[in-house]
Structures are given as C-alpha cells and as structure tokens.
Amino acid sequence: MTVLPDASWRHRPGLDRLAAALGADDGAARFVGGAVRDTLLGLEVADIDIATSHAPTEVIARLEDARIKAIPTGLAHGTITAIVDGAPVEVTTLRRDVTTDGRHAVVAYTDDWREDAARRDFTMNALYADPATGEIFDYFGGLDDLDARHVRFIGDPLQRIAEDHLRILRFFRFHARFGAEIDAAGLSACTARANDLMALSRERIASEVLKLLVTTGAVTVVRLMVEHGIFRAVLPEIDAAGADRLGALAERERAADVAPDPIRRLAAVIPGADAESVGARLKLSNADRKRLIAATAGPGSEGPRALAYRAGPVGATDRLLLSGADIAPIRDWSPPALPINGGALVARGLRKGPDVAAMLRRIETQWIAEDFPDAARLSAIADAWVVEALA
C-alpha cells in the first residue's frame with residue numbers, strides 16, 4: 001500500500017476538524033489532485049482540495065454545524081470553499097460529466113470514486129488520499145506514471161480533449177513541469193485537435209500559456225509545440241525564432257539568478273512589434289499589457305541605473321535581460337528619489353512658474369548622467385544651473 005508522506009501541510013490548523021466534519025473517518029472525504037501529486041513528488045503544496053461523496057447542500061450543512069465558514073464558490077459544479085483558520089480549502093462533490101462541449105460541462109453528482117477519477121484529465125491528477133491514514137487510491141495507474149514522470153491522459157486522449165479543449169495546453173504545461181519522455185498518444189491527439197483551441201476564451205488561453213512559460217521545461221516544450229503547430233490557431237506569433245529567444249532569455253535568467261517571469265517570457269516568444277496586439281488579444285490587464293510592450297524597447301542609451309530610475313527596477317530588468325545587457329549594476333539597487341524640489345530652486349532666486357519645472361528636469365538629467373551623486377554634488381549642480389539661468 002502506498003501512503004502519502006507526512007508533509008507539513010497535512011498539519012495545517014483546522015484541517016483535521018474539516019476532514020472530521022466531512023466524514024473522512026467513514027471514507028466520505030479524501031484529499032485529491034495537486035496536493036497529493038506534489039507531496040508524492042516532494043514538492044511544496046500551496047492549494048488543498050478535498051473530494052467528498054456528500055452532495056453540496058450536505059457539505060454546507062456539515063460545515064455550518066462544525067462552525068466552519070462555507071462559501072459556495074462553484075456550487076453549479078459542486079464546489080464549496082471551506083475557510084479553516086483563515087485558509088481556503090476547496091471541497092468538491094464527486095461528479096460525472098453529463099454533457100460537454102469543449103468549453104463547459106454539465107455534471108451530475110455521484111458516490112462512485114472511480115467515476116469521479118475517470119472525468120479528470122491526467123492519471124497523476126486522479127490520485128486520492130485518506131486524510132487520516134494517508135492511504136493512496138489510484139484508479140488509472142497514476143502512481144506508476146508519476147514515478148516515470150509520464151503525463152498521460154485518462155482513457156482516450158481525443159475524447160478527453162473533446163470534453164475540454166484547454167486540456168491541450170494543460171498537457172504541455174504538465175509535461176513541461178513534470179514530464180520526462182512525452183506521451184506519444186497525447187502528443188498526437190493534441191496535434192490533431194490544436195484548432196480546437198480557437199473555441200476557448202482568450203483569458204483561459206492566456207492563463208495556461210503564462211503558467212507554461214515559467215515551468216522548468218518551458219524552452220523544450222515551447223519548441224515542441226511550435227514544431228507540431230499547437231500555437232498556430234491562437235498565437236501564430238510564437239514561432240521557432242520565438243522559441244530560440246525564450247531559450248536565450250532562460251539562460252540569461254539562470255546566469256543572473258533571476259526567477260522566470262511570465263510576462264517577460266511572453267515578451268521573448270513574440271516579436272516586439274506584436275506585443276500590443278497579443279496583449280490585447282489575450283486580454284491581459286492594463287498593467288501587464290504596458291509591461292509587455294515596454295519590455296521590448298531595448299536597454300536604452302543612458303545605462304542600466306538610469307533605465308531602472310526611469311522605467312522602474314522590474315521594467316529595467318525585463319529590458320536588460322531581453323536585450324542581453326548586464327543587470328549587475330541594478331542588482332540590489334533601489335532607484336533614489338530626486339532629493340531636491342522646486343522650493344529649493346525658488347529659495348536660490350529662481351522665479352516661481354514653469355521655469356522651475358524645466359530647471360528641475362535639467363538638474364535631474366545631469367544627476368542621472370553623473371550616476372546619482374550625493375546631496376552635496378546635487379546642490380552644486382543646482383547652484384550652477386540657477387546661476388546660469390539668472391545671468
């Protein structure tokens with residue numbers, strides 16, 4: 001019998017109380033999905049999901065009786081969010097699909113654990129664990145696949161993709177994160193059905209692509225996706241050259257000990273001229289769109305610190321890494337604020353009005369060009385400019 005390791009998350013405050021309320025001792029509730037998978041792989045667990053044979057209304061009643069806050073976040077699909085000691089845990093009733101159209105599913109509730117497992121995407125995501133004993137329940141060979149780092153669809157890959165087209169991108173993302181040798185049947189099905197991605201909302205596509213880009217295997221997998229035409233229907237801008245740029249960026253990030261960032265990596269895989277249109281198509285937030293566009297602007301001509309002062313440390317890091325420039329000058333450096341204001345110039349004799357703002361810009365430009373000297377030097381710069389203006 002395989003047993004779930006005694007990871008720290010299993011001792012999260014209130015989790016035992018939640019499991020008891022759901023009848024885990026009677027086999028009515030089990031941990032499922034990512035928490036089980038990642039614990040078996042020795043990875044940190046962020047989110048906890050529990051599957052239960054109780055109907056959603058019964059879940060809510062049991063949580064209320066146990067004085068656990070219940071939020072019906074996905075009631076139509078059987079999901080209740082339980083808040084235990086301030087932390088959320090998703091509790092979902094066992095389900096089976098009634099109808100699917102590639103984007104949405106109509107579900108019915110069931111008490112059959114295998115039936116619930118059969119509707120999940122990959123074998124490694126269909127692992128359940130008893131909250132008390134840690135006993136693992138594996139209906140489709142997920143443990144063997146996890147051991148082999150083999151991302152494999154449950155059942156017929158074409159059927160699973162027909163049920164939810166997003167599984168195409170999830171297949172590659174999970175392979176990029178966990179996989180060794182790619183599953184041939186899954187790759188063939190995703191290649192054959194790549195055009196199905198056009199039916200998905202651009203927000204769902206963006207979410208999966210951005211998650212994929214920061215995985216450990218992103219460079220290899222993006223190249224594979226390009227070779228098999230996976231992006232062609234929805235992100236044709238991502239081509240072999242983009243995959244090469246991603247590879248170069250990933251090397252620079254590793255060399256500089258900078259964590260991969262999804263927006264920076266998206267800027268690498270698309271041509272700079274397409275940043276605005278891609279950001280709009282993927283419906284990125286306004287802040288992320290601006291950052292995506294700015295990231296392609298190059299390193300500038302004033303130097304790394306000047307760039308960090310004008311564009312901010314994040315924007316400067318994006319531009320320097322993408323252009324292959326050295327980021328060492330801005331590592332652990334915070335751009336200072338200009339330590340002089342208009343009042344100081346008026347006190348030196350400058351007349352109030354638009355000339356003050358123009359003078360501040362001249363002083364700031366020289367201060368930046370001299371690499372942000374101390375207050376004494378800045379005062380000398382200001383004195384010189386004001387004397388010249390009053391002459």
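**Close-up views of a predicted model**

**View 1. Strand 2 and strand 5 of the predicted model run parallel and are joined by four bridges.** In this pair, Ala 51 is the residue that stands opposite Thr 92 in strand 5. Strand 1 covers residues 29–32 and runs antiparallel to strand 2, with three bridges between them.

**View 2. Strand 8 pairs with strand 9.** The two run antiparallel and are joined by three bridges. Within this pair, Ala 129 stands opposite Ile 136 of strand 9.

**View 3. Asp 121 sits in the loop between helix 4 and strand 8.** Helix 4 spans 113–118, and strand 8 spans 127–129. Is Asp 121 buried or exposed? Asp 121 counts as buried because its relative accessibility is 7%, and buried means under 20%. The side chain of Asp 121 makes a polar contact with the side chain of Asn 125, at 3.1 Å. Leaving aside neighbours within four places in sequence, Asp 121 is in contact with Arg 152, Phe 153, Ile 154, Arg 160, Arg 167 and Arg 170.

**View 4. Helix 7 and helix 10 cross at roughly 145°.** Helix 7 consists of residues 167–178 and helix 10 of residues 218–227. Their axes come within 9 Å, and the crossing is right-handed. Which residues meet where helix 7 passes helix 10? From helix 7 these are Leu 169, Phe 172, His 175 and Ala 176, and from helix 10 they are Ala 218, Val 221, Leu 224 and Met 225. The residues of this contact divide into seven nonpolar, one polar and no charged.

How values were computed:
Residues are numbered from 1 along each chain as its sequence is written. This is a predicted model: local features need pLDDT of at least 70, side-chain atom pairs count only at pLDDT 80 or more; totals for chains, interfaces and linings use all residues. Side-chain values use heavy atoms; hydrogens and water are left out. Buried means under 20% relative accessible area, exposed over 50%, partly exposed in between (1.4 Å probe, protein chains only). A polar contact is a pair of N or O atoms within 3.5 Å; within protein, one must be able to donate a hydrogen and the other to accept it, and residues adjacent in sequence count only if both atoms are side-chain atoms. Contact means heavy atoms within 4.5 Å. Two strands pair if DSSP finds at least two bridges between them. Axes are lines fitted to C-alpha atoms, for helices over the stretch in contact, and angles run from 0 to 180 degrees between N-to-C directions. A crossing is left-handed if the near helix is turned anticlockwise from the far one by less than a right angle, and right-handed if clockwise. Ala, Val, Leu, Ile, Met, Phe, Trp, Tyr, Cys and Pro count as nonpolar, Asp, Glu, Lys and Arg as charged, and the others, Gly among them, as polar.
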